[in-house]
Amino acid sequence: MLSVGLDVFVYGVALIAAATWPDPGYRGVFSSPVLACGGLVAAGAGLRLERRYVVITTIGIFAVYGTCLLIDVTRNATIIDWTTSRVLFWVILFAASGYLGDVVAARTRSIAIDSANKALDAERARERFGTYVGKEVAALALASRDVVLGGRRQPVAILFCDLRGFTT
């Protein structure tokens with residue numbers, strides 16, 4: 001959670017500073033090259049594998065965005081050059097970036113859980129097989145590409161024999 005706050009804070013400081021102390025070429029928050037980084041911050045939040053972090057990051061980015069719009073309207077009204085369509089474009093872009101972050105979080109988490117489950121299943125199979133044969137034989141058999149977990153049907157010949165005098 002701290003890293004999410006740090007991401008939004010760093011993004012916010014850069015964008016709010018650009019709006020608060022505009023350089024001579026500043027034409028509003030939409031002319032700032034830092035603005036597009038918000039989409040990267042929102043999408044990158046998905047790498048934390050938690051959807052709530054993506055939501056919190058996206059809300060934080062919209063809060064920074066709103067703050068900059070407020071600064072532009074109150075302090076930079078004479079120099080801003082933006083239209084409603086431009087505002088709408090950036091709102092949609094940030095929302096889409098948040099959605100992308102959500103998809104990244106869900107898919108990456110799913111892949112990680114599937115991989116962990118497969119590793120756990122393989123370890124369980126190795127342990128079960130190891131109760132019937134030696135650990136070395138089990139490891140060798142499971143490492144072979146010919147062994148199919150779950151078994152397979154095939155005709156076999158079995159010889160039962162008894163050593164003379166051993167059974168008694």
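A crossing of two helices is called right-handed if the near helix is turned clockwise from the far one by less than a right angle, and in this predicted model helix α2 passes α4 in a crossing of that right-handed kind. The crossing of α2 and α3 is right-handed as well.

**Helix α2 against α4 (84–130)**
- The axes of α2 and α4 lie 7 Å apart, and the two helices pack at an angle of about 25°.
- Angles under 35 degrees count as roughly parallel, and α2 is therefore roughly parallel to α4.
- On the α2 side the contact is made by Gly38, Gly39, Ala42 and Ala43, while α4 contributes Phe94, Ser97, Gly98, Leu100 and Gly101.
- When the residues of this contact between α2 and α4 are divided by class, four are nonpolar, five are polar, with Gly counted among the polar residues, and none is charged.

**Helix α2 (37–44) against α3 (51–75)**
- The axes of α2 and α3 come within 8 Å of each other and cross at roughly 165°.
- Because angles over 145 degrees count as roughly antiparallel, α2 and α3 are described as roughly antiparallel to each other.
- The residues that make this contact are Gly38, Val41 and Ala42 from α2, together with Val54, Thr57, Thr58 and Ile61 from α3.
- By class, the contact of α2 with α3 holds four nonpolar and three polar residues, and no charged ones.

**Buried residues of α2**
- Within α2, the residues Gly38, Gly39, Val41, Ala42 and Ala43 are buried.
- These buried residues of α2 pack against α3 and α4, and also against α1, which spans residues 2–20.
- Gly38 and Ala42 belong to the contact with α3, and Gly38 and Ala42 are also among the α2 residues that make the contact with α4.

- The side chain of Asn76 reaches the backbone oxygen of Ala19 at a distance of 2.8 Å.
- Leaving aside residues up to four places away in sequence, Asn76 touches Ala19, Pro22, Tyr26 and Ile71.

Notes:
Residues are numbered from 1 along each chain as its sequence is written. This is a predicted model: local features need pLDDT of at least 70, side-chain atom pairs count only at pLDDT 80 or more; totals for chains, interfaces and linings use all residues. Side-chain values use heavy atoms; hydrogens and water are left out. A polar contact is a pair of N or O atoms within 3.5 Å; within protein, one must be able to donate a hydrogen and the other to accept it, and residues adjacent in sequence count only if both atoms are side-chain atoms. Contact means heavy atoms within 4.5 Å. Axes are lines fitted to C-alpha atoms, for helices over the stretch in contact, and angles run from 0 to 180 degrees between N-to-C directions. Helices (H or I, at least four residues) and strands (E, at least two) are DSSP runs, numbered from the N terminus. Angles under 35 degrees count as roughly parallel, over 145 as roughly antiparallel, 65 to 115 as roughly perpendicular and the rest as oblique. Buried means under 20% relative accessible area, exposed over 50%, partly exposed in between (1.4 Å probe, protein chains only).
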